[in-house]
Amino acid sequence: MVKHIIIWTLKEMPQEEKAKVKKEIKEGLEALKGVVPQIRDIKVVIDGLPTSTGDLMLDSTFESAEDLAGYSKHPSHVAVANEKVRPFTAHRACLDFEI
């Protein structure tokens, strides 16, 4: 099994807009379960504690590194990334590892 963890920091924006963007990213990515067959589990955390240095986190699980690669290229994932994530993020940190 492979874990794919991403932490994003959003661009500067009013808090109301940031809350809306985080909610839309969460909804968009979590809706991929059942659409992208390689996803075993996917969760987006948007309510970090004030001590957090990122704005939101993706925690996803795949059977293999090959499945993770397939997910990354899947048209539905690319659409969510291009429309809901990339336009609003200032920084992205990723850690992929075997469990």
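These are my notebook entries on what I looked up in this predicted model.

**Ground rules**

I number residues from 1 along each chain as its sequence is written, and my side-chain values use heavy atoms, with hydrogens and water left out. Since the model is predicted, local features need pLDDT of at least 70 and side-chain atom pairs count only at pLDDT 80 or more, while totals for chains, interfaces and linings use all residues.

**Entry 1: the sheet**

I started with the strands. Helices (H or I, at least four residues) and strands (E, at least two) are DSSP runs, numbered from the N terminus. Strands of a sheet pair through backbone hydrogen bonds, either parallel or antiparallel. For two strands to count as paired, DSSP must find at least two bridges between them.

In what order do the four strands of the open sheet stand? I read β2-β3-β1-β4, with antiparallel pairing. The edge strands are β2 (39–45) and β4, each pairing on one side only. From one strand to the next, the twist averages 15°.

**Entry 2: strand by strand**

Next I went through the pairings. β1 is joined to β3 (residues 56–62) by seven bridges. Here I found Ile5 opposite Asp59 and Ile7 opposite Met57. With β4 (residues 89–98), β1 pairs over nine bridges, also in the antiparallel sense. Lys3 of this stretch faces Phe97 in β4. β2 and β3 are linked by six bridges, again antiparallel, and Val45 stands opposite Met57 in β3.

**Entry 3: how covered are the strands?**

For this I needed a scale: buried means under 20% relative accessible area, exposed over 50%, and partly exposed in between (1.4 Å probe, protein chains only). How many of the nine residues of β1 are buried? I counted seven, so I call β1 mostly covered. In β3, six of the seven residues are buried, so this strand is largely enclosed by the rest of the structure.

**Entry 4: helices that pack**

Two packed helices are described by the angle between their axes and the distance between the axes. The axes are lines fitted to C-alpha atoms, for helices over the stretch in contact, and angles run from 0 to 180 degrees between N-to-C directions. Angles under 35 degrees count as roughly parallel, over 145 as roughly antiparallel, 65 to 115 as roughly perpendicular and the rest as oblique.

I looked at α2 and α3 first: their angle is about 60° and their axes are 5 Å apart. That makes α2 oblique to α3. Contact means heavy atoms within 4.5 Å, and here it is made by Tyr71, Ser72 and Lys73 of α2 with Pro75, His77 and Val78 of α3. By class, I get three nonpolar, two polar and one charged residues. (Ala, Val, Leu, Ile, Met, Phe, Trp, Tyr, Cys and Pro count as nonpolar, Asp, Glu, Lys and Arg as charged, and the others, Gly among them, as polar.)

Then I turned to α1 and α3, which pack at about 175° with axes 10 Å apart. That makes α1 roughly antiparallel to α3. Glu24, Ile25, Gly28 and Leu29 of α1 meet His77, Val80, Lys84 and Val85 of α3. The classes are four nonpolar, two polar and two charged residues. α1 also lies across β1, β2 and β3, at about 170° to β2.

**Entry 5: an aromatic pair**

I searched the whole structure and found one aromatic pair. Phe62 and Tyr71 sit 4.9 Å centre to centre with 45° between the planes, a tilted pair. The rule is that rings of Phe, Tyr and Trp (its six-membered ring) pair if their centres lie within 6.5 Å; planes under 30 degrees apart count as stacked, over 60 as edge-to-face and the rest as tilted. Phe62 is buried at 0% relative accessible area, and Tyr71 is buried at 1%.

Leaving aside neighbours within four places in sequence, His74 touches Val35, Val36, Pro37 and Gln38.

Pro14 is in the loop between β1 (2–10) and α1 (15–30). I list Pro14 as partly exposed because its relative accessible area is 44%. Pro14 and Met57 are 43 residues apart in sequence and 20 Å apart in space, C-alpha to C-alpha.
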